[in-house]
Structures are given as structure tokens and as C-alpha cells.
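Colleague: Hi! Could you walk me through this model before I set anything up?

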Amino acid sequence: MSRVPFYLKERLEEIHKRMLYEKYETQKLPVWERITLTWIVLFSFWVVITANTSLDNLIIGGIATLIIASFMRDMLMEDVRHRGHLIEKIIYFLLLYAPQYLIIMAFRLIESNMKVAKNVIFMDIKPGIIKIKTDLHSDTGVTILANSITLTPGTLTLDVSKKLGETYLYVHWIYAETLNREKAGEKIKGDIEEWLKRIFW
Amino acid sequence: MIEYLLLAFGEIAMIFGALGILRFPDVYTRLHAATKCDTGGAMTILLALIIYTDASIFIKLKLLVLAFLIALINPMISHAIAKGAYKYGIKPKVVVDMYAWDNP
């Protein structure tokens with residue numbers, strides 16, 4: 001009996017540390033980092049759309065996109081995780097995370113096209129609407145996860161609900177293999193959620 | 001060579017998507033065919049165009065922006081149509097409906 005309070009105390013300390021860590025992780029980025037990241041996105045879009053690399057055009061575009069980025073800094077970069085230096089973040093994203101995501105999604109898109117063709121020919125469907133749980137909480141992360149689930153084979157996102165700090169997705173599955181929530185979530189989400197959890201919280 | 005393969009894959013995916021819209025039983029299963037086959041077919045056709053054309057690099061980048069916008073917008077529209085159909089009262093033909101359990 002004397003061991004129980006110690007055990008509870010250890011457990012409480014662990015939960016407290018975990019909560020502090022989560023709070024630190026979910027802080028917003030500093031203001032200049034948000035402005036710089038938004039400016040990079042907007043300026044690359046400007047260069048691609050105008051298709052003109054003369055110096056005048058670049059200077060005008062840089063000033064205009066800097067003004068827009070200083071106003072709109074919360075729109076794109078609100079939900080990005082707070083980790084590492086700015087240059088480290090950009091290099092990791094361009095060299096590691098973006099190619100990983102593109103390769104995963106390209107193969108899944110091809111597979112889903114073939115699966116729809118197979119379903120059309122043989123009509124072997126058993127549809128069901130399943131509720132699964134995700135670990136993501138931010139709006140941008142849940143949006144990208146729902147879009148990726150819609151493009152993966154055999155699933156279509158219907159709705160999102162947030163209750164008591166947990167996020168649930170309702171998924172229309174064209175061949176409902178299992179009704180267990182954990183197994184269905186593992187099968188539907190795959191490794192996309194692991195990927196998204198590194199960037200968005 | 002690879003651009004002809006991509007073009008053929010896109011065309012076949014589009015044909016099967018149209019066939020799926022005609023053959024599946026209700027709204028939600030038809031949306032499956034519409035979303036996936038349209039996204040995959042349009043994106044592979046755009047990739048084939050990017051490889052095939054000998055225009056400047058900016059034209060190719062504009063086509064790539066177009067493919068990105070298609071991949072972003074198409075699932076969102078299908079989600080909006082599915083939720084709207086459910087709110088309107090169209091019952092899905094399913095074995096289990098957990099959305100109706102939580103929203104009676």
C-alpha cells in the first residue's frame with residue numbers, strides 16, 4: 001500500500017513534463033520567421049507566374065510580396081511546429097519531407113486509380129462509414145490529412161468533429177474490412193499521419 | 001517514351017472514372033470514382049505535357065502549378081458535395097453508418 005502514492009507521484013510528474021513539452025511545441029513561430037517563410041512562398045509564386053527574370057521585375061515583386069507577407073503572416077504559417085532554426089527547417093523540408101510525401105502520394109494515387117477500375121469491372125463493393133481518431137489538432141494539418149485520405153485507395157472523408165480536445169474523422173470506405181477503430185485507422189491513414197506530425201501539430 | 005505511357009494511363013483512368021459514375025449505386029460511391037480518377041488522370045496528362053513540350057522552363061512550371069491546384073481543390077470539392085448530400089437527407093447504402101449514430 002505504501003507504494004501507491006509514490007507510483008502516482010511519478011506518473012503525475014511524467015504527465016506534467018509531457019504537458020510542458022506539448023505546450024512548448026505548440027507555440028507559434030517568432031514573427032520574423034513567419035514573415036520570411038510566407039515571403040519565400042509568395043515570391044516564388046510571383047517569379048513562376050510572371051515568367052520574367054529581369055532585375056526591375058524581381059525588385060518590384062520582392063517589395064510587393066514583402067508588404068503582403070507582413071500583413072498575412074498568420075494565414076499560412078500558423079500551425080507549423082516550433083523546432084530548429086529557420087534554415088534547418090527549409091533544408092529539411094525541401095530535401096527530405098517534400099520528396100517523401102510526393103513519392104508516397106504518387107504511388108497511392110496510381111494504386112487508387114487501378115482499384116477504382118477493378119471495382120467498376122467486378123462491382124465487389126461493401127461500403128461503410130467508419131469513425132477514426134487522429135493525433136493532429138491544427139486546422140491545416142487536419143485539412144491536409146483529410147485531402148490525403150480522399151486520394152488514397154478506397155476512402156473518402158465525410159466530416160470532421162472535434163470533441164474534448166480530440167479529433168475524429170468520418171470516412172466512407174468502399175470495402176469495409178474491419179469495424180475496429182484502431183485497425184481501421186492504421187489501415188486508412190498509413191504513414192501519412194506520421195509524416196504530417198513532424199511539420200504540423 | 002515515358003510521356004506516351006503517362007498519357008495512355010491518364011486516358012484509361014478517365015474512361016474508368018466515367019464508367020464508374022454510371023455504374024455505382026449511390027452518390028457516395030459515385031464520388032469515389034469521380035474524385036480519384038479525375039485527379040489521377042488530369043495530373044498524369046499534365047505531367048506528360050510537361051515532359052513532351054519543348055517550351056521554356058516557366059511554361060513547364062506553370063503547368064506544374066496547375067497540377068498542384070488540381071490536387072488541392074478536387075478532394076475538397078468532393079468532401080463538400082458528400083457532406084452536402086448527407087445534410088440534404090440522402091441515405092447511403094452501407095453496412096454500417098457511424099455518422100448517423102453520432103448525429104441522430
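This is a predicted model: local features need pLDDT of at least 70, side-chain atom pairs count only at pLDDT 80 or more; totals for chains, interfaces and linings use all residues.

Colleague: Let's start with chain B. What is its secondary structure?

Modeller: Chain B has four helices and zero strands. Along the sequence that reads as α-α-α-α.

Colleague: Is chain B compact or spread out?

Modeller: Chain B is more spread out than a compact globule, because its radius of gyration is 17 Å, well over the 13 Å that the globule rule gives for 104 residues. Along the principal axes, its C-alpha atoms fill a box of roughly 55 × 25 × 15 Å.

Colleague: And how much of chain B counts as buried?

Modeller: Of its 104 residues, 29% count as buried. As for its contacts between residues at least 6 apart in sequence, 63% join residues at least 24 apart.

Colleague: Which residues of chain B does UniProt list as transmembrane region?

Modeller: The unreviewed UniProt entry lists residues 6-25, 37-57 and 63-82 of chain B. In the model, residues 37-57 of chain B are 81% helix and 0% strand, with the end C-alpha atoms 28 Å apart. Residues 63-82 of chain B are 100% helix and 0% strand, and there the end C-alpha atoms are 29 Å apart.

Colleague: What about chain A, which residues are listed there?

Modeller: For chain A, the unreviewed UniProt entry gives residues 39-69 and 90-110 under "transmembrane region". Residues 90-110 of chain A are 100% helix and 0% strand, with end C-alpha atoms 29 Å apart.

Colleague: How far apart are the ends of residues 39-69 of chain A?

Modeller: The end C-alpha atoms of that span are 5 Å apart, and the span is 87% helix and 0% strand.

Colleague: Switching topic: what domains does chain A have?

Modeller: The assignment gives domain 1 (3-82) and domain 2 (93-197) of chain A. Their centres, taken over C-alpha atoms, are separated by 25 Å.

Colleague: How do the strands of chain A pair up?

Modeller: Strand 3 of chain A pairs with strand 1 of chain A in the antiparallel sense over seven bridges. Strand 3 also pairs with strand 2 of chain A, again antiparallel, over eight bridges.

Colleague: Now the interface. How many residues are in contact?

Modeller: 29 residues of chain A are in contact with 35 residues of chain B. On the chain A side, the elements giving two or more residues are helix 5 (86-122), strand 1 (128-134), helix 6 (139-151), strand 2 (155-163) and strand 3 (166-173).

Colleague: Which of them gives the most?

Modeller: That is helix 5 of chain A, with seven residues. By class, the side of chain A that touches chain B has 19 nonpolar, seven polar and three charged residues.

Colleague: I clicked on A176(A). Where is it found?

Modeller: A176(A) is in the loop between strand 3 and helix 7 (181-189) of chain A. Among the residues A176(A) touches are K126(A), I130(A), V95(B) and V96(B). A176(A) and I130(A) are 46 residues apart in sequence, with their C-alpha atoms 8.1 Å apart in space.

Colleague: Why does A176(A) count as partly exposed?

Modeller: Because A176(A) has 19 C-beta neighbours inside 10 Å, and a residue is buried if 20 or more lie within that distance.

Key. Residues are numbered from 1 along each chain as its sequence is written. Chains are lettered from A and ligands numbered from 1 in the order in which they are written. Two residues are in contact if their C-beta atoms, placed from the backbone, lie within 7 Å. Ala, Val, Leu, Ile, Met, Phe, Trp, Tyr, Cys and Pro count as nonpolar, Asp, Glu, Lys and Arg as charged, and the others, Gly among them, as polar. UniProt positions are given in the numbering used here, feature names are shortened, and annotations may be inferred rather than shown by experiment. The radius of gyration is taken over C-alpha atoms; the globule rule is 2.2 Å times the number of residues to the power 0.38. A residue is buried if 20 or more other C-beta atoms lie within 10 Å of its own, exposed if 12 or fewer, and partly exposed in between; C-beta atoms are placed from the backbone. Domain bounds come from an automatic or database domain assignment. Two strands pair if DSSP finds at least two bridges between them. Lists of a residue's contacts leave out its neighbours within four places in sequence.
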